[in-house]
Amino acid sequence: MARRPNDPFDPSAFGLPDRLDDDRPKGDQLREVLESLAFRLGPGARLPSERQLAETYGVARMTVRGEVRRLAADGVIRIRTGVAAEVADPAAPRYGVGYSFAQELARRGQRAGAIVQEHNVLRVTSRLAALLEVAVGTRALRLVRVRTTDGAPTGVERSTLSLERFPGLESVNFEQASLYETIRTRWGAEPSSVQAHVTAILPTAEEAELLKIDPAAPCLQVTLAQRDLSGHVIEVGRSIYRGDRYDLDISRGPIGQAGGLPAARELAPTELDDILD
């Protein structure tokens, strides 16, 4: 049930109590009321004003303000200067680092897309050879894609893979095919573990344009090295994702534990950044 800014507040219309009990802290009860109201109204809906809530429940406006601020800190409510508080948007979907973007979205009933920005074969330098664990002078594929969710840009993914290990990968159309599904079905390489670090950054002008965001909008940068079940490197990469559309879960299978995968060389935080710029 939507509310207009000047609508009187009738708690019974939302199945809420019209008064607070005397034997429980008023702030706790008011917070429960606001949480229930936010759930019923939905994202973007205006909440009653401080005055309306204070008068309805017989509490001080400072009590109302304090509970609104607590719920804002918890991501339930959004406070905007000069207007009534609003129900916050849902939390960004959570994505696992090193998992298939397309499969993650398919599980949610959403459509994944890719717009290829770069699809180049390059010669492996000594530093890249150390990261991919292949010989110097062999070939590698550098793939840069804008990833979309239901047509809206979500991130810019940059991946580098050895063509010594995955010959013919350069001929795949990655606007149509899934990278992880391709290497799984054609080469039997199953992504298993990932070493990654995440940094909060501002996008470059080019990235902001690709992601259709303001250059001052915060983003998440993920630098990773992905391995398969046998411990061989599948890819190294550095990607950037919109902070308002991505909640990254970087938990993944252990490396180097007894009975697990062989221990990977720890990458210095700047190594992949230097090589993948």
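Student: Which residues in helix 1 meet which ones in helix 3?
Tutor: Bear in mind that this is a predicted model. On the helix 1 side you have Gly-27, Leu-30, Arg-31, Leu-34 and Glu-35, and they meet Thr-63, Val-64, Glu-67, Val-68, Arg-70 and Leu-71 in helix 3.

Student: What's the make-up of that contact by class?
Tutor: The contact of helix 1 with helix 3 has 5 nonpolar, 2 polar and 4 charged residues.

Student: And at what angle do the axes cross?
Tutor: Helix 1 covers residues 26-41 and helix 3 covers residues 61-73; their axes cross at roughly 55° and come within 10 Å. Helix 1 and helix 3 are therefore oblique to each other.

Student: Is that crossing right-handed or left-handed?
Tutor: Right-handed, for helix 1 and helix 3.

Student: OK, what about helix 2 against helix 3, where do the axes end up?
Tutor: Helix 2, residues 50-57, has its axis come within 9 Å of that of helix 3, and the two cross at roughly 120°. This crossing is right-handed.

Student: Which residues make the contact there?
Tutor: Glu-50, Arg-51, Leu-53 and Ala-54 from helix 2, with Arg-61, Val-64 and Arg-65 from helix 3. By class, that gives 3 nonpolar, no polar and 4 charged residues.

Student: Switching topic: what's the strand order in the sheet?
Tutor: The order is 4-5-6-9-8-7, in an open sheet of 6 strands with antiparallel pairing. Strand 4 (112-123) and strand 7 (191-201) are the edge strands, each pairing on one side only. Neighbouring strands here are turned by 15° against each other on average, ignoring direction.

Student: How many bridges join strand 8 to strand 9?
Tutor: There are 9 bridges between strand 8 (residues 219-228) and strand 9 (residues 233-242), and the two run antiparallel. One example: Gln-221 has Ile-240 in strand 9 as its bridge partner.

Conventions
Residues are numbered from 1 along each chain as its sequence is written. This is a predicted model: local features need pLDDT of at least 70, side-chain atom pairs count only at pLDDT 80 or more; totals for chains, interfaces and linings use all residues. Side-chain values use heavy atoms; hydrogens and water are left out. Two strands pair if DSSP finds at least two bridges between them. Helices (H or I, at least four residues) and strands (E, at least two) are DSSP runs, numbered from the N terminus. Axes are lines fitted to C-alpha atoms, for helices over the stretch in contact, and angles run from 0 to 180 degrees between N-to-C directions. Angles under 35 degrees count as roughly parallel, over 145 as roughly antiparallel, 65 to 115 as roughly perpendicular and the rest as oblique. A crossing is left-handed if the near helix is turned anticlockwise from the far one by less than a right angle, and right-handed if clockwise. Contact means heavy atoms within 4.5 Å. Ala, Val, Leu, Ile, Met, Phe, Trp, Tyr, Cys and Pro count as nonpolar, Asp, Glu, Lys and Arg as charged, and the others, Gly among them, as polar.
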